[in-house]
Structure formats: structure tokens, C-alpha cells
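Here's a quick briefing on how the pieces of this model pack against each other. Have a look at the structure first, then read on.

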Amino acid sequence: MKSEKNKEALNLIEKAVQDHNAKELNQGIDEAFLQRIPANEIRQSLFQGLELSRKKLFTPEAPLPQFLLSLEVLHQGLKRLSSAEGIGKSGGIPLVIGVVEGDPHDLGKNIISRIYAASGYEVYDLGTQVPVDAFISSVKEKRAKVLALSSMISTTMAQMPEIIKRVKAESPDTVIMVGGAPLDINLAKSFGADGYAESAVTVLEETEAAMERVSAKEKW
Amino acid sequence: MIVKPQLGAELISELHKNALSTLGYQNRIAPGKDIEKILSESIDWVAQSSNARGMYLAEKVAGINKKEIITETGVIRSPRFARLAGLCKGKRSVVFMIATIGDEWKRGLGTDASVLRQLLFDTAASEAVELVAGLVERQWRAEVESKGLKASLRFSPGYCDWDLKQQSVIFNALDARNIGVELTKYYLMIPEKTVSAVAVIAQDVPAPAPCAFCRKDCVWRKMSYQSKR
């Protein structure tokens, strides 16, 4: 009986995130607390709901704003969970993200940053117009497992090979992802990056694949 | 010529329609009330706060070869656009234009805006500057047509084979500081929501865009394969 109620509460949480329904999310979390469901199981349902919403981006039925609504509902859930646990943000894979120097476009980077943060990464967002040295010192200081670089114009994108070269020299195990409007997979490879994500739809799969390749020392 | 276009009421509904389409809401998908609410707020704010300005200037073409168009103030290095200009009939000139909505729209975001809010405001601002560019274009096009001439479609640095660094050609022709626009060392226009372009003017313009000579199926394509045959 208890397990049935637990399942119902967790399903409600998952569906609430997927349907971006904050009211139902609160009901689900209230019920989950009442049933003393462990926080990690609640968190798992929150992420599962987001994942289902993100998968819809592969279809024409769910434009990006619908997914961003789910992302916001997920954050509300995580916030409630963290205050109930009496802790701040949980740790995860350290990831540094930023837009290269000279480029003020932050929207794409902000979306990707939120997706990483909602998916178990510990995100250090350096913002826009980040100088090369700031990327390198931040990667070292945070012991970043992943560095995500963004550029929205071809003239600022030209700095990426230099950033990648210097980060690889200082922190060879850091996985470097690149993205932005002027890039494609061939450019990313020629720059020496470990991975390329075309959009919010594929960024998690591409990052995981790049981490596996680097870990196995496989060629991209 | 400096112009101050107005984003009037009739353009607000166009802005709304264009923004929804850009965000991926086609006929069978509705955005829902949460998204509609923020989108309407962003459109109202962008329309009210926009400091829409534009400028344009026509210069005679001094020469055309396979790779470039030479004007009084600079050289447009785009083989495809040069080919388009080469096909034109009669005396040719190039119109340079810049349009902006300024940076005020960003204040509407407030602090700690969610990424959804950022996306909707950014989309509204991008669509607004496109409409403003359209209004500036309408003005110079009316002058062109009143002289019995024709003009190609707008062509911007970064399109097709025209290098983004060639923004400097447009900024050499126009003193954009007069409308509050600057070019950075990375050839990025500030304010961000600014559009720059050129077009060829002549007695006859057989190909409106370089897409006529291109078979690449890119998202920026302005002419179908059908129409160029």
C-alpha cells in the first residue's frame, strides 16, 4: 500500500515537471514528504520529468519555450527539496561555461547552463566576453571536468582554438565542448575540441559521449 | 538620410505573429497562457521602449569584377553579390543601410530573469529590429521606385560568401554614430539589435538575391529552386 502511494507521488512529480505544472508539483512533493520518500528518489523523478520534456524537443510538437517552462518547474522542485534537506546546492560534475571575449550574446549559453545545472553538473558560469586567461584559471581552480565554450559570431569564434590549446596544456583531462551559431562538427574537430553540441536538444548526449571518448582515450 | 520609424499598432500584431513563428509555434501548436503572458509583456515592452532609428545612403558603383563591387567608399568582396550586380542593367548604385532599436528593451528583463523570459524578450527584440529594418528599406525603396529604378533584396555581411569583417564597408559609407550604433573590433554591432545591409539599384535587376546562383539548401535561402529556373 505504501509503495503504491510512493509510486503515485513520484509519478505526479514526474508528470508535473513534464507538463510544467507548478501546482501539481507542490502536491506531489507534499505527498512525497508525507510518505517519507527519500530525497534522492524525489530528485530522480524531477529529472525524469525534465528528461521526458527535453526528449519532446526532438519532435515538432514541443517548441523550446515549453521545455524552458519544465526547466523552471524543476528548479522550483529542487529548491523545495534543498530547503527540506537543509542543504545548499548538491555537488556534481564540475563544469565551467562561458562566452568568448568580444561576444556579448548570453541567451544560448544561459539555456545550456541551466540544462547542465538541472542535470547534475556543478556549473560555474563565467558569463559573456570572457578573456582566455579567465577560462584557464577557472578550469584549474574549479578542477573542471568539462569546459563549455560558446560563440555566436565567426569573428569571436576564432579565439576558440587558442583557448582549447591552452586549456589542454594546463588541464589535459578537461573535456572541452563547443557550441554556437557559426560552428559545426567539422569546425569543432579542427579546433581541437572534444565535442560539439548543435543545440539544447543534444547537449547532454554529446557531452556524455565526449566524456566517454576522452576517458577511453578514443579519437573523435 | 536618417529616419525614425515608428512601431505602430498595426506592426505590433505582426511582431506577435513573427515572434510566435520564430519560437516554433506553427498553426497546430498553441503556446499556452504562461508563455502568451510573458510574450505579450515582452512585445509591449519592446515596442514601447524601442528607440528605432535608421539611416541609408546610395553610392554609385565605380566598378564590378568577378569577385567584388567597387563603390566610392569601399569594396564589397562577395563574388556572388558581384555576380548579381553584374547581371543588372543600366547604371548601378549600391544602397547602404543600418537600422537599430537601441538597448532599452533589455531593461524590461529585470534582474534574475528566467531563461524563458530572456528567450521571449530576445525574440521580441530580434523581430522588432527586423520590422524596423523593413520600414527603413520601405523608405529607400520608395525613392528608388519613384525614379523608375529597381533594387535587389537586402544582403548583409555574414550572408552567403560575404565575410562578416566586411561590416566595415557599410560603416565606412555611413556614420552610424549618428544613430547610436558602433562597430566593435570583432565586427559586432552595438546595440546588439541592429541590422546592416546593402542592395543593388539599377534599371533592371534580373536576380533579386544571390540565391539565384546557389543550390545550397540553407535556412537563409530567400528564393526557392523553382523560382530561379
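How many residues of chain A are in contact with chain B, and how many of chain B with chain A? It comes to 17 residues of chain A against 21 residues of chain B, where contact means that the C-beta atoms of two residues, placed from the backbone, lie within 7 Å. Keep in mind that this is a predicted model, where local features need pLDDT of at least 70 and side-chain atom pairs count only at pLDDT 80 or more, while totals for chains, interfaces and linings use all residues. Residues are numbered from 1 along each chain as its sequence is written, and chains are lettered from A and ligands numbered from 1 in the order in which they are written.

**Chain A against chain B**
- On the chain A side, H4, H5 (107-117) and H7 (154-157) each bring at least two residues; helices here are DSSP runs of H or I, at least four residues, numbered from the N terminus.
- H4(A) gives the largest share of that side, with 5 residues.
- Sorted by class, the chain A side holds 9 nonpolar, 5 polar and 3 charged residues.
- Nonpolar covers Ala, Val, Leu, Ile, Met, Phe, Trp, Tyr, Cys and Pro, charged covers Asp, Glu, Lys and Arg, and the others, Gly among them, are polar.

**Inside chain A: two domains**
- Chain A is assigned domain 1 (2-85) and domain 2 (93-215), with bounds from an automatic or database domain assignment.
- Their centres, taken over C-alpha atoms, sit 28 Å apart.
- Across the boundary, 8 residues of domain 1 are in contact with 5 residues of domain 2.
- H3 (39-55) and H4 (64-85) each supply at least two residues of the domain 1 side, and the largest share, 4 residues, is from H4(A).
- That domain 1 side has 7 nonpolar residues, 1 polar and no charged ones.
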